[in-house]
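Colleague: I have a new model open on my screen. Can you show me how to read it, feature by feature?

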Amino acid sequence: MIELCAGDVREIAVLGAHCDDIAIGVGGTLLTLSARVSSPLRVHAFVLSGEDSRREIEERHALAALCPGAEVEVRVLDVPDGHAPGYWEPIKNALESFRHTCEPDVVFAPHRDDAHQDHRILAELVPTVFRDHLVLGYEILKWETDTPRPTIYHPLARRIAEEKARILLKHYPSQTDHDWFDEQAFLGLSRLRGVQCRRPHAEAFVVEKATVHFGKV
């Protein structure tokens, strides 16, 4: 078992292709980290597509609710939804600029095998910018059958899983017309991941590469 203590995490970067990706993929972890660190958590958020001002407002309010007491900075680009592969160079440049604003202990981003092209292009670019960081690829619940085989789990208390679902439903009213965007779906996935790590609930991640130190080098 590999453990990263919350006390070791003081600054994080969270990246999503769309407003709500971060909250869906790592919302419970954000709630947990914000509650446990001794000093205020610094959260740097980067989103490719805001779609419109309403969606960006939803994102800012949701991240504030998921990170109570944290210092949250949010950057939202105007890449058209569904067209990220055609904006490779602007996204790469924006990511490099974003990288210079933070020195995160952990980076959260979509996983590389996500079926959505916007998620996938972001997942492919993140490791080219955050080269020396632990990058955890999160999963995004949706219609496609692209749920990954996780390699890392972050256990969640049931109250945290329920609070995450409540925040999603409260702060993203523009998404509630999707038949998968409901409390049962979010709690169902987190319960499944909890079963897989023998906890009540969990969020799951994919890590492509990591370095472990068993002593001085």
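Modeller: Keep in mind that this is a predicted model. Start with a strand pair. Strand β1 (residues 11-18) is joined to β2 by 7 bridges, and the two run parallel.

Colleague: Which residue in β2 is the bridge partner of V14?

Modeller: A45 in β2 partners V14. For A13, the bridge partner in β2 is H44.

Colleague: How many bridges join β2 to β3?

Modeller: There are 6, and β2 and β3 also run parallel. Look for V43, which stands opposite V72 in β3.

Colleague: In what order do the strands of the sheet come?

Modeller: Read it as β3-β2-β1-β4-β5-β7-β6. That is an open sheet of 7 strands with mixed pairing. The edges belong to β3 (71-76) and β6 (152-156). Each has a single partner strand, so one side of each has no neighbour in the sheet. From one strand to the next, the twist averages 25 degrees.

Colleague: What lies across the sheet at β1, β2 and β3?

Modeller: Helix α2 lies across these three strands, at about 160 degrees to β3. Helix α3 lies across β1, β2 and β3 as well, at about 170 degrees to β2.

Colleague: Is β2 mostly covered or mostly open?

Modeller: Mostly covered. In β2, 7 of 8 residues are buried.

Colleague: Now helix against helix. At what angle do α1 and α2 pack?

Modeller: Helix α1 (residues 21-36) and helix α2 (residues 53-66) pack at about 35 degrees. Their axes are 8 Å apart. Next, list the residues that meet. From α1 come I22, A23, G27, L30, L31 and S34. From α2 come E59, L63, A65 and L66. Then sort that contact by class: 7 residues are nonpolar, 2 polar and 1 charged.

Colleague: What should I expect of nonpolar side chains in general?

Modeller: In soluble globular proteins, they tend to be buried together.

Colleague: And here, which residues touch the most other members of the largest nonpolar core?

Modeller: I12, V14, I22, L30 and F108 do, in a core of 42 residues. Helix α1 gives this core its largest share, 7 residues. Another core lies apart from it, with 22 residues, among them A13, A17, L122 and L125.

Colleague: Take V14. What is in contact with V14, leaving aside neighbours within four places in sequence?

Modeller: I22, V26, L30 and F108 are among its contacts.

Colleague: Aromatics next. By what is a pair of rings described?

Modeller: By the distance of the centres and the angle of the planes. In this model the count comes to 6 aromatic pairs. Take F46 and F98. Their ring centres are 5.1 Å apart and the planes stand at 45 degrees, so this pair is tilted. F46 lies in strand β2 (residues 42-49) and F98 in helix α3 (residues 88-99), so the pair ties together parts that are 52 residues apart in sequence. Both F46 and F98 are buried.

Colleague: What about the pair of F98 and F130: how far apart are the ring centres?

Modeller: They are 6.3 Å apart. The planes are at 70 degrees, so F98 and F130 are edge-to-face. F98 is in α3, while F130 is in the loop between α4 (117-129) and β5 (135-138), so this pair ties together parts 32 residues apart in sequence. The relative accessible area is 4% for F98 and 2% for F130.

Colleague: Which residues do ring pairs link into a cluster?

Modeller: W143, W180, F181 and F186.

Note on methods: Residues numbered from 1 in each chain as written. Predicted model: local features only at pLDDT ≥ 70, side-chain atom pairs only at ≥ 80, totals over all residues. Heavy atoms only, no water. Axes fitted to C-alpha atoms, helices over the stretch in contact; angles between N-to-C directions. Helix = DSSP H or I, 4+ residues; strand = E, 2+ residues; numbered from the N terminus. Contact = heavy atoms within 4.5 Å. Nonpolar A, V, L, I, M, F, W, Y, C, P; charged D, E, K, R; others polar. Phe/Tyr/Trp six-rings, centres within 6.5 Å; stacked < 30°, edge-to-face > 60°. Buried < 20%, exposed > 50% of the residue type's maximum accessible area, 1.4 Å probe, protein only. Pairing = 2+ DSSP bridges. Core = buried A, V, L, I, M, F, W, Y, C linked by side-chain atoms within 4.5 Å.
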